[in-house]
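This report describes a ligand site and a strand arrangement. The sequence and structure are shown first.

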Amino acid sequence: MNIYKAKDYDDMSRKAANIIFSQIISKPDCVLGLATGSTPLGIYRRLAEWYEAGDLDFSQVTTVNLDEYKGLPKENPQSYYYFMHENLFKKVNIHADRTFLPDGMETDSRKACEDYDAILHSVGGVDIQLLGLGHNGHIGFNEPGSIFEAETHCVTLADQTIKANRRFFESEEEVPREAYTMGIKTIMSARRILIVVSGADKADIVKKAFFGPITPQVPASVLQLHPDVTLVADEAALG
Ligand code: F6R
């Protein structure tokens with residue numbers, strides 16, 4: 001595992017964005033696996049700036065996102081589709097038909113997950129998967145106790161995750177209880193993994209995930225088994 005220690009959130013964002021930059025430069029038609037949440041926002045800002053400056057071209061890039069809430073339409077500002085559109089897709093020259101997320105409005109969970117796995121296979125796999133880290137060690141919506149063999153599946157959100165995500169909604173009741181997420185097996189099949197972590201409140205889980213035993217109770221610990229993982233974390237998270 002490569003570990004890059006960043007000074008602060010901005011430095012973390014710049015270092016991680018540089019890794020994605022070099023991926024796009026070296027393979028313009030690459031497949032980027034993307035994440036939502038607060039941590040990647042600075043990365044998306046940088047990528048959009050570099051596109052504006054003429055340094056990056058997304059015209060051949062394909063993206064696949066980790067997850068999507070079940071039951072939220074694309075127009076809902078809390079949907080991950082909306083998040084990606086606002087924070088990255090509408091700011092760069094990516095083709096809308098090359099941006100994929102699980103279909104949150106598909107009520108048949110099995111179909112939604114099978115369809116998404118079919119998309120992931122059809123694009124030829126993920127070149128680099130960006131991940132954030134949940135306070136309980138989740139990656140995507142793979143909560144503690146998730147089996148390592150799962151591909152895309154429907155999950156019931158852990159209480160801690162509902163509480164953590166509540167800040168984006170008017171009330172806790174509005175936070176969807178279910179989501180579609182790439183499974184651990186799907187994530188582990190990416191050719192490279194880039195995980196970004198910021199803040200002292202994540203220091204404990206960083207220690208458990210990357211320096212503790214590999215266990216389904218800390219889903220991110222499975223990344224220790226991946227041959228090409230880069231962790232970019234700020235000093236506070238590595239504290
Ligand atoms: C986002 C996702 C989640 C987040 C994680 C950390 O698509 O799947 O696993 O990466 O909850 O979220 P933040 O960055 O908001 O701390």
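The model is predicted: local features need pLDDT of at least 70, side-chain atom pairs count only at pLDDT 80 or more, and totals for chains, interfaces and linings use all residues. Residues are numbered from 1 along each chain as its sequence is written, and side-chain values use heavy atoms, with hydrogens and water left out.

In the side chain of Asp67, an N or O atom lies 2.4 Å from an oxygen atom of the ligand. For the side chain of Thr36, the corresponding distance to a ligand oxygen is 2.9 Å. Arg167 places a polar side-chain atom 3.2 Å from an oxygen atom of the ligand. The protein buries 91% of the 400 Å² that the ligand exposes when taken alone (accessible areas by the Shrake-Rupley method with a 1.4 Å probe).

## Residues around the ligand

## Strand arrangement

Seven strands form an open sheet with parallel pairing, in the order S1-S10-S9-S6-S2-S3-S5. Strands are DSSP runs (E, at least two residues), numbered from the N terminus, and two of them pair if DSSP finds at least two bridges between them. Strand S1 (2-6) and strand S5 (99-100) are the edge strands, each pairing on one side only.

Four bridges join strand S2 (residues 31-34) to strand S3 (residues 62-65) in the parallel sense. Gly33 stands opposite Val64 in S3.

Notes: A polar contact is a pair of N or O atoms within 3.5 Å; within protein, one must be able to donate a hydrogen and the other to accept it, and residues adjacent in sequence count only if both atoms are side-chain atoms.
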